[in-house]
Amino acid sequence: MAIGAVVLVALAVAGWVMSTYNGLVTKQQAVEAQWAQVENVYQRRADLVPNLVATVKGYATHEKQTLQDVTEARTKATQIHIDPSKLDEASLKQFQQAQGQLGSALSRLLAVHEAYPDLKANTNFQTLQAQLEGTENRIAVERNKFNKVAQDYNVAIRRFPASMLAGAFGFESKAYFEAQAGADKAPTVSFD
């Protein structure tokens with residue numbers, strides 16, 4: 001009878017360990033899959049840049065520095081690759097910084113069209129601008145989804161008693177996307 005009770009307890013513990021471990025793996029994979037989607041939409045933005053630069057280049061011949069800044073920022077942004085299993089704060093911050101520089105350079109490039117009426121009326125430019133705006137919205141949506149999936153995973157690995165298993169099997173917390181510095185301040189609008 002005692003042996004049966006011990007076997008029953010051992011089976012229950014083994015079942016709990018397997019179930020908890022598999023649940024953590026599922027959540028970890030969800031974070032990695034969502035990270036791939038984040039990278040996908042950032043890549044979409046990077047893929048639009050050469051077409052946008054080529055379109056602007058034909059009209060805005062005096063904007064060489066702006067075009068060069070966009071091209072350099074795109075190169076830097078596409079060179080940063082993060083292993084999804086190691087999404088820590090430092091690597092995510094480096095990724096965000098490069099993407100922020102590209103976003104800033106693109107904003108300056110899009111502002112150029114005001115000085116060039118022919119460019120402003122160009123259908124290719126308008127289409128690329130609309131695609132870029134749509135992509136920026138997708139980026140925001142996918143980053144938000146990533147933060148939610150990462151939070152779900154981070155909570156799961158910190159809850160007791162699963163936290164004991166998470167530590168034993170090397171499940172580490174994932175970093176979150178954060179707002180860029182200065183995002184809490186409204187931009188100044190001037191009609192001078």
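Which residue forms a salt bridge with aspartate 83? Select lysine 86 and you have the partner, with the closest N and O atoms 3.5 Å apart. (A salt bridge here is a side-chain nitrogen of Lys or Arg within 4 Å of a carboxyl oxygen of Asp or Glu.) Aspartate 83 is partly exposed at 37% relative accessibility, while lysine 86 is exposed at 56%. Those words have cut-offs: buried is under 20% relative accessible area, exposed is over 50%, and partly exposed is in between, using a 1.4 Å probe and protein chains only.

Before you click on, keep in mind that this is a predicted model, where local features need pLDDT of at least 70, side-chain atom pairs count only at pLDDT 80 or more, and totals for chains, interfaces and linings use all residues. Residues are numbered from 1 along each chain as its sequence is written, and side-chain values use heavy atoms, with hydrogens and water left out.

Next, select lysine 27 and aspartate 152, whose side chains meet at 2.9 Å, N to O. Lysine 27 sits in helix α1 and aspartate 152 in helix α5, so this pair ties together parts 125 residues apart in sequence. (Helices are DSSP runs of H or I with at least four residues, numbered from the N terminus.) Lysine 27 is partly exposed at 28%, and aspartate 152 is partly exposed too, at 40%.

Now pick aspartate 69 and arginine 108, another salt bridge, at 3.7 Å from N to O. This one links helix α2 (residues 64-79) with helix α3 (residues 89-112), and the two residues are 39 apart.

**A greasy patch**

Go to Ile3, Val7 and Leu11, which make a nonpolar surface patch of about 330 Å². (Patch residues have over 30% relative accessible area and no salt bridge, and nonpolar side chains are joined within 5 Å; areas come from the Shrake-Rupley method with a 1.4 Å probe.) Leucine 11 belongs to helix α1 (residues 2-59) and is exposed at 58%.

Select phenylalanine 160 and proline 161: a cis peptide bond joins them, with omega about 5 degrees. Proline 161 lies in the loop between α5 (123-158) and α6 (162-168).

**Last stop: the largest pocket**

Select Leu92, Lys93, Gln96, Glu178 and Ala179, which lie nearest the centre of the largest pocket among its 10 lining residues. (A pocket is an open set of points on a 1 Å grid where a 1.4 Å probe fits, with protein on both sides within 12 Å along at least five of seven lines; lining residues have an atom within 4 Å of a point.) Its volume is about 170 Å³, the space filled by probe spheres set on the points.

Methods: Patches are made of residues with over 30% relative accessible area and no salt bridge: like charges are joined within 9 Å, nonpolar side chains (Val, Leu, Ile, Met, Phe, Trp, Tyr) within 5 Å.
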